[in-house]
Amino acid sequence: MWDDLALFAEVARKGSLTAAAEQGGSSVATLSRRMKALEASIGRPLFLHGRHGYALTTEGRELLRRTERMEAAAADITEWRDRPKGKHRVRISAGTWTAMMLAQHLDDFWKPECDWVPEFLQCELDMDIARREIDIGIRNRRPDQPWLAGRQTAQVHFAVYGRSADVPGWIGAAGDRAATPSARWIEAHYSDDIVTRANEAQLGMAMAQAGVGRIVLPTFIGEKASDLIRLSDPIEDLNSEQWLVCHHEGRHDPAIRQALTALARFLRSENRPAAA
């Protein structure tokens, strides 16, 4: 039955058989048959079948919550089984600029003699904590899933930067970066003035430093970037909170708890880059 529940969770999260089939490699016909069999074995309707896809019933939402707890437990066992002997690695996910800041200031919150080893995964999109893709995520909002625990650390501010005030054009974003709040802000206000785009944050900053166009950066990066000056006050629409997020059970693991404490202390420190 566990295999059927895992398939059910994919269909529920994707909202359609086609998307779930593409993700998992099963055929649409196979998924349809197994979802009908699952509903029959449970004796409760799980989906509202209609033109908008496979929407969940109240019973379906409850089963998804319970199934995700099972997935999290299974991922936790797998991670424990595969954990290398010795110090516990703690996988930390952050966006480009926060990951860069952590790398540049590693010795401010971690020492080789610590009982844990940091492993950084830079990603603009949220990685899955429930499935143990990561142990700690640094995010711009409070977690809203019941299985996640969060700790607010700071406020992050953004402003416009360029090589000089005479630079007229803008540098937009492509790929995953196009979904970031700063990229959407540029599109909303200056889409007609975008002269080029970059899918990597550091590439965009390099072009701004070369005078190609203006760019929006977090102030903790922009204030220290060579060949760039601030061209605006902090952009109120982009002010955001910063949160350390982990699985509510994972936070009791000694290594993860130590990492959370060290990261929180650093991110709140008065010695971190200004206005972050």
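## Basis

The model is predicted: local features need pLDDT of at least 70, side-chain atom pairs count only at pLDDT 80 or more, and totals for chains, interfaces and linings use all residues. Residues are numbered from 1 along each chain as its sequence is written, and side-chain values use heavy atoms, with hydrogens and water left out.

## Overall build

The chain holds 9 helices and 12 strands. These are DSSP runs, numbered from the N terminus: helices are H or I with at least four residues, strands are E with at least two. The C-alpha trace spans about 70 × 50 × 30 Å along its principal axes.

Of the 276 residues, 46% count as buried. Buried means under 20% relative accessible area, exposed over 50%, and partly exposed in between (1.4 Å probe, protein chains only). The chain exposes about 14,700 Å², and carbon and sulfur atoms supply 49% of that area (Shrake-Rupley method, 1.4 Å probe). Among contacts (heavy atoms within 4.5 Å) with a separation of 6 or more, 74% join residues 24 or more positions apart.

## The largest pocket

Two or more lining residues come from each of β3 (88–94), α5 (96–104), β5 (136–139), α6 (181–190), β10 (215–218) and β12 (240–247). By class, the lining has 13 nonpolar, 11 polar and 8 charged residues.

A pocket is an open set of points on a 1 Å grid over the protein atoms alone, where a 1.4 Å probe fits, with protein on both sides within 12 Å along at least five of seven lines; lining residues have an atom within 4 Å of a point. Points are joined across faces, edges and corners, and a volume is the space filled by probe spheres set on them. Ala, Val, Leu, Ile, Met, Phe, Trp, Tyr, Cys and Pro count as nonpolar, Asp, Glu, Lys and Arg as charged, and the others, Gly among them, as polar.

## The second largest pocket

The second largest pocket has a volume of about 390 Å³. It is lined by 21 residues, with Met127, Asp128, Ile129, Gln145 and Trp147 nearest its centre. Helices α1 (2–14) and α4 (58–82) each give at least two lining residues. The largest share, 3 residues, comes from α1. The lining divides into 7 nonpolar, 2 polar and 12 charged residues.

## Salt bridges

Side chains of opposite charge can pair when their charged atoms come close. The chain has 11 salt bridges (a side-chain nitrogen of Lys or Arg within 4 Å of a carboxyl oxygen of Asp or Glu). In one, Glu223 meets Arg230 at 2.9 Å, N to O. Glu223 is partly exposed at 40% relative accessibility, and Arg230 is partly exposed at 35%. Elsewhere, salt bridges that share partners join Glu10, Arg13, Glu68 and Glu71 into one network.

Arg13 is partly exposed at 34%, whereas Glu10 is buried at 17%.

Asp135 pairs with Arg91 at 3.2 Å between the closest N and O atoms. Asp135 lies in the loop between β4 (116–122) and β5, and Arg91 in strand β3, so the pair ties together parts 44 residues apart in sequence. Both Asp135 and Arg91 are buried.
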